[in-house]
Amino acid sequence: MSEAAGHTLGLIAGWGGLPRDLARAAGRHGHRVLALGFRGLTSEALADDVDRLVWLHLGELDKLIRTLREAGAREVVLAGKVPKTSLFETPDLVRPDARALALIGRLAERGDDAILCALAETLEAEGIRVRGQDELAPELLAPEGVLGVRTPTPAELADVRYAWPIAKAIGALDVGQTVVVRDRTVLAVEAIEGTDAAIRRGGALGREGACVVKVAKPTQDPRFDLPAVGPQTVAVLAQVRAAVLAVEAGRTLLLEREELIKIADGQDICVLGLRHGDAEPEEPT
């Protein structure tokens, strides 16, 4: 627990279930939670898990900082996705103020890492520390080993080891963090469409028995965008009759773990946590 435990923690909340899980974790650690949600993106149900929820449009950076300062929030955590597809498909959700435009204009690259690092630097320059997701809720991190009842077959484990360095490579390029394979053939890599869409695309090509591997980026900043999987991820695997979901142990967040494992067991899906070194391809004999 940080020295600011018991004070107000800011939660900048995007899409998905992670903001609610982190809000609950913060509450268990004694924080009051001020959530800043984005219209048309953040779940309204987040209000049930926080002390206060303030709505913003994407790009209202001055209002975001002002709200945190007025609430006395000295720490903040970033949680949930801001899908780039939403920026293209629903541009009316985005209302960048002058400060946000200046921040974007200074960037040589506009990948997720570059934007989030610039946001973190801006907040910390205002005296607001950006906490790591893993630091706030270490209990959400995936453990090592098989997480349900089904173990992987040797062929499935070979597929996972084949896909692992490929997932690391696309992560290093800030393209995505998920690869779908079958019989040591890449069926899909995650890009702007996100994890679920990549699984659907790869699963459709593999028919059934595909393996899904999701890893942290080699230079993963734990303050934001840690890989996360939840019941919805496993439900998508079930829809395409995939066989395995392998994640990086200690560096992947498991949302609603009990429900995730329950769905996986019911659909005969193996959920596996591996450390990076243990997932490297084996040398041929």
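Let's start with helix 1: strand 1, strand 2, strand 4, helix 6 (133-136) and strand 12 (253-254) are among the elements that cover its buried residues. Keep in mind as you look around that this is a predicted model.

**Helix 1**
- Helix 1 spans residues 18-28, and its buried residues are Leu-18, Pro-19, Asp-21, Leu-22, Ala-23, Ala-25 and Ala-26.
- After helix 1 comes Gly-30, which has a positive phi, near 90°.

- Strands of a sheet pair through backbone hydrogen bonds, and the pairing can be parallel or antiparallel.
- Here, 5 strands make an open sheet with parallel pairing, and their order is 3-2-1-4-5.
- At the edges sit strand 3 (52-56) and strand 5 (129-130), each of which pairs on one side only.
- Strand 1 (residues 8-13) is joined to strand 2 (residues 32-38) by 6 bridges in the parallel sense.
- If you look for Ile-12, you will find that its bridge partner in strand 2 is Leu-36.

**Helix 2 and its neighbours**
- Helix 2 (residues 61-70) lies across strand 1, strand 2, strand 3 and strand 4 (75-79), and runs at about 170° to strand 2.
- The axis of helix 2 also comes within 6 Å of the axis of helix 4 (residues 98-105), and the two cross at roughly 110°.
- These two helices, helix 2 and helix 4, are therefore roughly perpendicular to each other.
- Helix 2 brings Leu-61, Asp-62 and Ile-65 to this contact, while helix 4 brings Arg-99, Ala-100 and Leu-103.
- Sorted by class, the contact between helix 2 and helix 4 has 4 nonpolar residues, 2 charged residues and no polar ones.

**The largest nonpolar core**
- This core has 25 residues, and those touching the most other members are Ile-12, Leu-64, Leu-68, Val-76, Leu-78 and Leu-123.
- Strand 2, strand 3, helix 2, strand 4, helix 4 and helix 5 (112-125) each give two or more residues to the core.
- Leaving aside residues up to four places away in sequence, Leu-64 touches Ile-12, Leu-36, Leu-56 and Leu-123.

**Strand 11**
- In a regular strand, side chains alternate between the two faces of the sheet.
- Strand 11 (residues 244-248) has both faces covered, with Val-244, Ala-246 and Glu-248 buried on one side and Leu-245 and Val-247 buried on the other.
- Strand 9 (residues 211-214) runs parallel to strand 11 and is joined to it by 4 bridges, with Val-213 partnered by Ala-246.
- Strand 13 (residues 270-274) also runs parallel to strand 11, through 5 bridges, and its Cys-270 stands opposite Val-244.

Key
Residues numbered from 1 in each chain as written. Predicted model: local features only at pLDDT ≥ 70, side-chain atom pairs only at ≥ 80, totals over all residues. Heavy atoms only, no water. Pairing = 2+ DSSP bridges. Contact = heavy atoms within 4.5 Å. Axes fitted to C-alpha atoms, helices over the stretch in contact; angles between N-to-C directions. Buried < 20%, exposed > 50% of the residue type's maximum accessible area, 1.4 Å probe, protein only. Parallel < 35°, antiparallel > 145°, perpendicular 65-115°, else oblique. Nonpolar A, V, L, I, M, F, W, Y, C, P; charged D, E, K, R; others polar. Core = buried A, V, L, I, M, F, W, Y, C linked by side-chain atoms within 4.5 Å.
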